[in-house]
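Here's a quick briefing to read with the structure open beside you.

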Protein chains: 2
Amino acid sequence: MARKSASGRIGIADVAVKAGVSHATVSRVMNGNFTVDPDIAARVRAAAAELKYQPNPVGRSLALGKTDTIGIVVPDLANPTFQAILRGLSRAAAQDGYRVLIADSFEVSSEESILAGEARRRCDGLVLCAPRMSDAELTEIAPSLHPLVLINRTTDAPDVPSLVVDYGHGVQDIAGHLVELGHTRLAFLAGPPRSASNEMRLKGLEAFKDAHPQVEVTMLEGGSDFDTGHEAVDAVLASGATGILAFNDLVAMGLMSGLHERGLDVPGDISVTGFDDIPFARYTTPALTTAAVPITELGEQAWHQLRALIRKEGNEVPGTRFQPRLEVRASTGPAKASRSAVHG
Amino acid sequence: MARKSASGRIGIADVAVKAGVSHATVSRVMNGNFTVDPDIAARVRAAAAELKYQPNPVGRSLALGKTDTIGIVVPDLANPTFQAILRGLSRAAAQDGYRVLIADSFEVSSEESILAGEARRRCDGLVLCAPRMSDAELTEIAPSLHPLVLINRTTDAPDVPSLVVDYGHGVQDIAGHLVELGHTRLAFLAGPPRSASNEMRLKGLEAFKDAHPQVEVTMLEGGSDFDTGHEAVDAVLASGATGILAFNDLVAMGLMSGLHERGLDVPGDISVTGFDDIPFARYTTPALTTAAVPITELGEQAWHQLRALIRKEGNEVPGTRFQPRLEVRASTGPAKASRSAVHG
DNA sequence: CTTGCCTGAGAAAGCGTTTTCTCAGTTCGC
DNA sequence: GCGAACTGAGAAAACGCTTTCTCAGGCAAG
């Protein structure tokens with residue numbers, strides 16, 4: 001008959017009276033505390049089952065000081081990269097009985113730190129993806145966010161593990177691949193100017209240029225989505241480059257689409273590369289050569305690092321660096337006589 | 001100097017002593033209750049600011065009986081459709097100060113109802129995407145999940161709005177489009193057998209067959225992802241159909257990729273259609289003809305319905321039906337002399 | 001048979017808020 | 001000038017749970 005206390009839902013008190021014991025005993029039984037008489041325990045369990053009693057997590061959280069929930073702040077849920085991180089994180093956390101609360105900042109980085117704070121207070125820990133937040137701001141708020149794990153950027157604040165993809169290395173692998181195919185004029189279709197991962201790519205390219213002085217590398221302004229790539233067609237053609245490194249797969253796909261509309265052949269006329277190896281990359285036409293980032297695994301690792309922090313395992317987890325793996329597909333091919341050569 | 005109470009974080013008590021008032025007064029000030037003297041209010045606010053006090057949401061939730069959080073249960077976070085729903089939901093909810101907790105059931109439908117219950121207890125309401133759950137189970141758990149909004153399926157349980165995409169109508173639009181192009185032999189690459197949205201498509205196709213007796217429609221087994229489409233190439237070719245309706249865009253992309261590998265031309269040899277119009281659909285080669293589902297808007301609507309329920313607005317919201325819009329692109333074209341005709 | 005230890009369960013004190021209840025101090029009306 | 005209505009803030013209860021504290025009763029040892 002599920003009598004209900006003052007509030008709507010049935011609580012521990014209802015089970016207690018039904019079983020003829022105190023709240024405390026019910027709690028003990030529900031939590032597997034074995035200092036309770038087996039007969040009484042059975043009675044309590046029966047009562048709980050009959051009333052379909054389920055402990056109220058909010059009350060539990062308050063008493064226990066933990067929510068069994070972690071938060072993740074992402075700048076854009078529409079971005080496949082963050083979707084994949086979320087997926088990996090959620091899956092790994094679920095395995096340990098944790099749920100994930102999402103906070104999408106919709107690219108307005110001014111809100112990010114408030115959002116992060118709010119999310120953190122409701123959770124036991126936080127994963128922060130905030131590529132555009134300034135270092136100063138990050139350092140400032142990091143302590144109040146602990147336990148905190150950073151994605152794709154680092155900080156001086158102590159006890160904040162970082163999981164970063166080695167974009168610099170990846171971009172060099174790609175450039176190297178293009179050069180091996182005979183390309184001598186490359187162009188980099190850059191990402192958002194203040195993005196941390198864009199910085200890393202630029203550094204990698206600098207290193208590459210130093211090592212390959214004979215290769216010309218043009219820098220082009222860009223962004224991080226389809227449209228960016230699509231709109232960049234003119235700039236790309238104007239550069240005279242035959243090997244294009246797009247900021248990521250999305251940009252590369254947009255670019256290929258634009259080149260296709262112009263009647264140009266990829267990779268016959270121009271080779272195009274992406275970055276990330278999102279699930280769709282292998283299904284483009286031609287299939288996209290890219291640097292595969294184990295991004296779901298990164299989400300999973302984020303949970304492991306966070307878990308260590310939550311459990312206060314003093315493992316001094318220093319964070320992890322992920323190496324992209326060059327994934328050669330059909331969008332890159334031998335350079336034909338470079339257009340400038342034809343032209344000259 | 002942020003003195004801290006017993007626990008680590010600073011709480012309302014710290015602010016109270018610093019401002020020389022009671023907890024109650026601090027609470028009143030923080031919640032904008034104007035029955036407090038302006039001078040005292042200012043003093044409290046100053047103290048709060050200096051201590052960087054932020055109310056503990058868990059305590060608040062317990063006292064208020066609400067969490068300002070909603071949950072969403074999805075069968076697979078890797079599926080672009082659910083990603084888009086999540087995005088729309090999260091964005092709309094955020095606008096009203098609500099966060100979203102995600103629960104991924106990873107396609108194990110046996111866990112779905114437990115997962116839903118757990119999520120619901122931590123939240124003020126729930127959005128449920130459970131295409132494979134049996135009607136019986138759904139009806140059984142629905143009352144305990146209220147406020148509840150259903151995606152792409154309905155239930156007899158009262159006060160449960162449903163947002164459903166009219167897949168039946170959409171599939172008929174697509175089939176009609178193919179017939180207009182001269183195709184007389186179609187094939188439907190079905191989705192997961194027990195999926196509710198697959199059922200709707202099948203019903204739509206039945207209606208279509210009744211209306212177009214001269215058109216032959218072959219049913220093929222399938223699934224819901226890339227690989228399904230890719231593996232279906234043989235079956236598709238064996239069917240002799242020239243117009244293929246894939247379960248969704250993912251399957252269509254897999255199929256196109258497979259056809260391409262076989263050296264077949266789309267749409268020259270075979271026309272292929274998808275469903276959903278995921279963001280990538282326009283960037284395939286050829287761009288995919290599909291039925292566009294306003295899926296992000298659906299997520300947004302889900303919030304509006306849920307909000308009405310949470311606020312107990314007796315609007316008797318009956319749910320909403322979304323009409324897909326035929327999006328003709330380059331993957332469909334005129335039927336060439338049907339292969340059976342050539343053959344005969 | 002008494003003392004002391006141990007087991008097990010109830011009473012009560014938190015956890016951090018909000019909100020009702022209560023009451024001291026004012027102000028107003030007559 | 002005195003009682004009533006009102007204002008504003010503190011005390012305390014409530015939210016639903018966990019956990020410490022306390023204590024009654026059972027048992028073994030002396």
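How many nonpolar, polar and charged residues does the surface near DNA strand C have? By class, there are 14 nonpolar, ten polar and four charged ones. Keep in mind that this is a predicted model.

**Around DNA strand C**

- There are 28 residues around DNA strand C, and those that come nearest are A:T25, A:R28, A:D37, B:S27 and B:R60.
- One contact goes to a base: an N or O atom in the side chain of A:R28 sits 2.8 Å from a base nitrogen of DNA strand C.
- Chain B reaches for phosphate here, with an N or O atom of the B:S27 side chain 2.5 Å from a phosphate oxygen of DNA strand C.
- B:N31 does something along those lines too, placing a polar side-chain atom 2.9 Å from a phosphate oxygen of DNA strand C.
- Which elements give two or more residues to this surface? They are α2 (23-30) and α4 (57-64) of chain A, plus α2 (23-30) and α4 (57-64) of chain B.
- Among the contributors, α4(B) gives the most to the surface near DNA strand C, namely five residues.

**Around DNA strand D**

- DNA strand D has 27 residues around it, with A:I12, A:S27, A:R60, B:T25 and B:D37 coming nearest.
- A:N31 uses its side chain, with a polar atom 3.0 Å from a phosphate oxygen of DNA strand D.
- On the base side, a polar backbone atom of B:A63 is 3.4 Å from a base oxygen of DNA strand D.
- At least two residues of this surface come from each of α2 and α4 of chain A and α2 and α4 of chain B.
- Where does the largest share come from? That would be α4(A), with five residues.
- Sorted by class, the surface near DNA strand D holds 14 nonpolar, nine polar and four charged residues.

**The sheet in chain A**

- Four strands of chain A make an open sheet, ordered β7-β6-β8-β9, with parallel pairing.
- β7 (216-220) and β9 (271-273) of chain A are the edge strands; each has a single partner strand, so one side of each is left without a neighbour in the sheet.
- On average, neighbouring strands of this sheet are turned by 20 degrees against each other, direction ignored.
- Strand β6 (residues 185-189) and strand β8 (residues 243-246) of chain A pair in the parallel sense over four bridges, and A:F188 has A:L245 in β8(A) as its bridge partner.
- Helix α9 (residues 196-211) of chain A lies across β6, β7 and β8 of chain A, at about 165 degrees to β6(A).
- Helix α12 (residues 249-261) of chain A lies across β6, β8 and β9 of chain A, at about 155 degrees to β9(A).

**The sheet in chain B**

- Chain B has an open sheet of four strands in the order β7-β6-β8-β9, and the pairing is parallel.
- At its edges are β7 (216-220) and β9 (271-273) of chain B, each pairing on one side only.
- Four bridges link β6 (residues 185-189) and β8 (residues 243-246) of chain B in the parallel sense, and B:L186 stands opposite B:G243 in β8(B).
- Helix α8 (residues 167-180) of chain B packs on this sheet, touching β6, β8 and β9 of chain B, and its direction makes about 165 degrees with that of β8(B).

**Two single residues**

- The side chains of B:S197 and B:R201 are joined by a polar contact of 2.8 Å.
- Leaving aside neighbours within four places in sequence, B:S197 is in contact with B:Y167 and B:F247.
- A:A94 is in helix α5 (residues 80-95) of chain A, and counts as partly exposed because its relative accessibility is 40%.
- The C-alpha atoms of A:A94 and A:V73 are separated by 18 Å, with the two residues 21 apart along the chain.

How values were computed:
Residues are numbered from 1 along each chain as its sequence is written. Chains are lettered from A and ligands numbered from 1 in the order in which they are written. This is a predicted model: local features need pLDDT of at least 70, side-chain atom pairs count only at pLDDT 80 or more; totals for chains, interfaces and linings use all residues. Side-chain values use heavy atoms; hydrogens and water are left out. A polar contact is a pair of N or O atoms within 3.5 Å; within protein, one must be able to donate a hydrogen and the other to accept it, and residues adjacent in sequence count only if both atoms are side-chain atoms. Contact means heavy atoms within 4.5 Å. A residue is near a molecule or strand if one of its heavy atoms lies within 4 Å of it. Ala, Val, Leu, Ile, Met, Phe, Trp, Tyr, Cys and Pro count as nonpolar, Asp, Glu, Lys and Arg as charged, and the others, Gly among them, as polar. Buried means under 20% relative accessible area, exposed over 50%, partly exposed in between (1.4 Å probe, protein chains only). Two strands pair if DSSP finds at least two bridges between them. Axes are lines fitted to C-alpha atoms, for helices over the stretch in contact, and angles run from 0 to 180 degrees between N-to-C directions.
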